[in-house]
Amino acid sequence: MRPVLLDHVGRLTDDDLPAYVYDLPALHEHVHAIRAALPERVELLYAVKANSDPRILRALAAHVDGFEVASGGELSHVRGLVPDTPLAFGGPGKTQTELGQALEAGVERLHIESEHELRLLATLLGDRSVDVLLRVNLPIDLGHVALAMGGHPSPFGMDPAQLDGCRELIASDPRIRLRGLHLHLASGLQAQAQLALSDKILTWAEGCAHDCGVDLAEVNVGGGMGVDYTHPQKVFDWSAFGAGLARILTRHPRLTLRIEPGRSVTAYCGWYVTEVLDIKFNRGEAFAVLRGGTHHLRTPAAKQHDQPFEVIPEDVWPRPWDRPEARDEPVTLVGQLCTPKDVLARRVMVERLRVGDRVAFAMAGAYAWNISHHAFLLHPHPTFHHLDDAEASVTSGTYARQMS
Ligand SMILES: *Cc1c(COP(=O)(O)O)cnc(C)c1O
C-alpha cells in the first residue's frame with residue numbers, strides 16, 4: 001500500500017471499518033497508461049458491471065471512449081453521472097422496456113444478442129435509427145480460461161448460423177445500421193493469449209463479412225484482460241497488447257477495433273480494510289476472524305482464490321489479558337458470517353497477526369462490493385472513501401449517499 005493511502009487508512013476510526021478505500025489518483029494513472037499503450041484505432045470502453053461506483057465512473061470518463069452498460073439500471077445510472085460519454089448497451093435478456101430506454105437515451109451502439117432481439121428492437125424504433133453490432137458466439141477452442149462466455153454452447157451471443165437471418169432483416173430496414181460484430185468470448189487471458197484470440201476473431205469476422213457481402217466497419221473483441229490475484233504485481237501487459245494490436249490492425253486497414261475491459265481497469269484501485277476481531281486455534285489450525293467478510297467482498301468466494309492482503313499492525317492493546325496472535329504460521333482469514341464459505345484467504349503464511357491489527361485486502365476494486373450478498377445476516381455496510389486527486393485528500397461517505 002502506497003504511503004498516502006496507508007496514511008489515510010491510519011486515520012480511519014474503528015467505526016469506519018470495514019471500509020472500502022478507492023485510490024483515484026492510482027486509477028487515473030493506470031487507465032491513462034492503458035489508453036497510451038493502445039493504438040489510435042482502438043476504442044476503449046469500460047464495462048460498468050465491474051464497478052459502477054460514481055466517483056470511479058467520473059474518473060474514468062476522462063480517459064475512455066465510452067462505457068459498456070448491461071442493464072437499464074446501469075444505463076440510467078451512467079447517463080445521469082456522465083451524460084456526454086457514449087454508451088454501448090449489451091447483455092443477454094434485454095427487456096422491451098430496456099430496449100426502449102436505450103433508444104430514448106440515444107445509445108451509441110446496441111449489441112444484439114439474437115434474431116428475436118433484433119425483431120423486437122425493430123418494433124420499437126418508430127422513426128428513430130440505431131447502430132448495432134451483432135454479438136456472435138464463435139466456435140473456437142479457448143483452451144484454459146478463467147471464465148468462458150463463448151467457444152462452447154452458451155447463452156451469450158448468437159450462433160454464426162443466425163447471422164444470415166439478422167443480416168437480411170437489417171438489409172430490409174434502413175433504420176438499423178449494421179456497424180459490425182461483437183465477440184466477448186473469455187475472461188482471464190494474459191496479453192499474448194488475448195492477442196492470439198483477437199487475431200483469430202478479426203480474421204474470422206473479415207471472412208464472415210466478405211462472405212455475406214457486408215461492409216465491416218467495427219469489431220468489438222470484448223473485455224476479459226487477465227487479472228492475477230495470486231501475483232498482484234503481474235499486471236496485464238498493456239504495452240505488449242497495444243503493440244500486438246497495432247501489428248494485427250495493419251492487416252485490417254479499414255477496421256475500428258473496440259475493447260471493453262472491466263476487471264483489469266478497476267481491480268487494482270480498490271482496497272477493503274478491516275480489523276481482526278478474534279484469533280483462534282482450532283484442531284491445530286489458526287483462524288483470524290475479521291469484521292465484515294464475503295458479504296462485503298465476495299470476490300475470493302466467487303473466484304475461489306485467496307484475496308491478497310497486507311497487515312497493518314496496531315500496537316495499542318488496551319485489554320488486561322494476553323493479546324491473541326498467530327506468529328510465523330499459516331492463518332485462514334474468515335469473516336463474521338455463520339457459514340464455512342465465508343473465507344477471504346486460506347492458510348496464508350503471516351509473520352504476525354494479532355487481534356486489533358488491521359488487514360487491507362488489495363485488488364478489491366472490481367466485482368467486489370457490487371457482487372456481494374450484503375443483506376445476508378444484516379451486518380452493517382462498509383463505509384466508502386475515495387482518495388482524491390490533487391492534494392490526495394480524502395472524501396468519505398456511505399454508499400447510500402454516493403448513490404443519491
Ligand atoms: C463482463 C463483460 C465485460 C468485461 O469483462 P472483464 O472480465 O471485467 O474485463 C466485457 N464485455 C461483456 C459483454 C461482458 O459481459
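## Basis of the model

The model is predicted: local features need pLDDT of at least 70, side-chain atom pairs count only at pLDDT 80 or more, and totals for chains, interfaces and linings use all residues. Residues are numbered from 1 along each chain as its sequence is written, and side-chain values use heavy atoms, with hydrogens and water left out.

## Two domains

The protein chain is divided into domain 1 (3–20 + 269–403) and domain 2 (86–261). These bounds come from an automatic or database domain assignment. The C-alpha centres of the two domains lie 37 Å apart.

The domains also touch. In domain 1, 8 residues are in contact with 5 residues of domain 2. Contact here means heavy atoms within 4.5 Å.

## A pocket between the domains

The second largest pocket has a volume of about 460 Å³. On a 1 Å grid over the protein atoms alone, a pocket is an open set of points with protein on both sides within 12 Å along at least five of seven lines; a cavity is a set of points where a 1.4 Å probe fits but cannot get out; lining residues have an atom within 4 Å of a point. Grid points are joined across faces, edges and corners, and a volume is the space filled by probe spheres set on the points.

Where does the second largest pocket lie? Domain 1 and domain 2 both give residues to its lining, so the pocket lies between them. The lining has 20 residues, and Pro232, Gln233, Tyr268, Trp271 and Ala362 lie nearest the centre. Two elements give two or more residues each: α2 (24–37) and β14 (309–312). Helix α2 gives the most, with 4 residues. Helices (H or I, at least four residues) and strands (E, at least two) are DSSP runs, numbered from the N terminus. By type, the lining divides into 14 nonpolar, 2 polar and 4 charged residues. Ala, Val, Leu, Ile, Met, Phe, Trp, Tyr, Cys and Pro count as nonpolar; Asp, Glu, Lys and Arg count as charged; the others, Gly among them, count as polar.

## The largest cavity

The whole structure holds 3 cavities of 30 Å³ or more. About 90 Å³ of space lies in the largest. Its lining includes Leu134, Leu163, Arg167, Gly180, Cys208 and Cys212. At least two lining residues come from each of α7 (163–171), β8 (176–182) and α8 (191–212). The lining divides into 9 nonpolar, 1 polar and 1 charged residue.

Cys208 and Cys212 both line the largest cavity. A disulfide is a pair of cysteine sulfur atoms within 2.5 Å. The count by this rule is 0 disulfides.

Cys208 is buried, with a relative accessible area of 14%. Cys212 counts as partly exposed, at 23%. Buried means under 20% relative accessible area, exposed over 50%, and partly exposed in between (1.4 Å probe, protein chains only).

## A buried threonine

Thr299 is in helix α11 (residues 299–303). Is Thr299 buried or exposed? Thr299 is buried, with a relative accessible area of 1%.

## Backbone features

The peptide bond from Leu17 to Pro18 is cis, with omega near -5°. Pro18 is found in the loop between α1 and β1 (19–23).

Two residues other than glycine have a positive phi. For Arg347 phi is near 45°, and for Leu378 phi is near 55°. Arg347 is in strand β16 (residues 343–354) and is exposed, at 51% relative accessibility. Leu378 is in the loop between β17 (358–361) and β18 (383–387). Leu378 is exposed too, with a relative accessible area of 74%.

## An exposed arginine

Arg11 is found in helix α1 (residues 3–11). At 54% relative accessibility, Arg11 counts as exposed. Arg11 and Ala148 are 137 residues apart in sequence and 42 Å apart in space, C-alpha to C-alpha.
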